[in-house]
Amino acid sequence: MNKTIGFIGGGNMASAMIGGILNSGLAGKELITATAKTEKTLASLRERFGINTENDNAFVAEKSDILFLAVKPYLFGEIISQIKNHIHPETLIISIAAGQSIADITSAFGKEIKLVRAMPNTPAFVGEAMSALCANENISETELTRVISIFESFGKCEVVPESMMDTVIGVSGSSPAYAYLFIEAMADAAVADGMPRAQAYKFAAQSVLGAAKMVLETGKHPGILKDEVCSPGGTTIEAVAMLEQEGLRNAVIAAQRACVQKSRDMSKK
């Protein structure tokens, strides 16, 4: 892709996306520029990725064909005021902030812009992100295809209605943290039964990875795959029964819905 890519913000999510783009070969490091609040973060980005860094948001906005807004939602007003007069009419703006609607972002710019609202997740860094996109009416099919190609360079991507973005945040944007918690708990149990910690993490993480691939690649319902592991009177059904007794499903559903509600509340502010 022979397009300049700018990142306003160089935190964890931006870093994961930059790493994914570079690892896929979609764009060279010379085409990517990022800003950050601190020199420490800028130095880290240069050292890790070899990309260009700047502390001038307006400069990056002006030189970018594709511009990612990768800052915390509470900083949006301040950042947009710095860059809105430096955006070219053909610049593709991609926001990855929770709680910032297309209407809110457009209003902050105070003019017509080409805008895509996106929600990736941090597994972008290893090429396994799950991202959702929704675009405003100024984005053409060709431009949307270009944006999709960026997000598919570091994982899977779906276009969804904007009304689904809060749900996306719950089911994929924030959910790697739930999975890490689950992996950590499984490893803790293995350690309690005598397995070395590093080995326990490997067994637990690979099992979760393999189970996820089974769902995606077989197309089978997760319940069917679960049943295929559960032999009558066996060890697995004993574990599943205990998870049900302890309320695993209810805990996951309640946690995820709390995440979605938080996103909705952020949108109202």
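Leu243, Leu248 and Val252 together form a nonpolar surface patch of about 220 Å². The model is predicted. Leu243 sits in helix H11, which covers residues 235-245. Its relative accessibility is 38%, so Leu243 counts as partly exposed. The cut-offs behind that label are under 20% for buried and over 50% for exposed.

Now step back to the whole chain. The protein chain has 269 residues, and 39% of them count as buried. Its secondary structure comes to 12 helices and eight strands. The C-alpha trace spans about 70 × 40 × 30 Å along its principal axes. Among contacts with a separation of 6 or more, 62% join residues 24 or more positions apart. The chain exposes about 14,700 Å², and carbon and sulfur atoms supply 56% of that area.

H8 runs over residues 175-192, 18 residues in all. From first C-alpha to last it reaches 26 Å, close to the 26 Å expected at 1.5 Å a residue. Which residues of H8 are buried? They are Ser175, Pro176, Ile183 and Ala187. Seen down the axis of H8, these buried residues fall within an arc of 120 degrees, so they line one face of the helix. An α-helix has 3.6 residues a turn, so residues three or four places apart point the same way.

What covers the buried residues of H8? The cover includes helix H7 (165-173) and helix H9 (197-218). The face of H8 turned away from the buried side carries the exposed residues Leu181 and Ala192. Just after H8, Gly194 takes a positive phi of about 105 degrees.

Key
Residues numbered from 1 in each chain as written. Predicted model: local features only at pLDDT ≥ 70, side-chain atom pairs only at ≥ 80, totals over all residues. Heavy atoms only, no water. Patch = residues over 30% accessible without salt bridge, like charges linked within 9 Å, V, L, I, M, F, W, Y side chains within 5 Å. Areas by Shrake-Rupley, 256 points an atom, 1.4 Å probe, with all protein chains shown as cover. Salt bridge = Lys/Arg side-chain N within 4 Å of Asp/Glu carboxyl O. Helix = DSSP H or I, 4+ residues; strand = E, 2+ residues; numbered from the N terminus. Buried < 20%, exposed > 50% of the residue type's maximum accessible area, 1.4 Å probe, protein only. Expected span 1.5 Å × (residues − 1). Arc of directions from axis to C-beta. Contact = heavy atoms within 4.5 Å.
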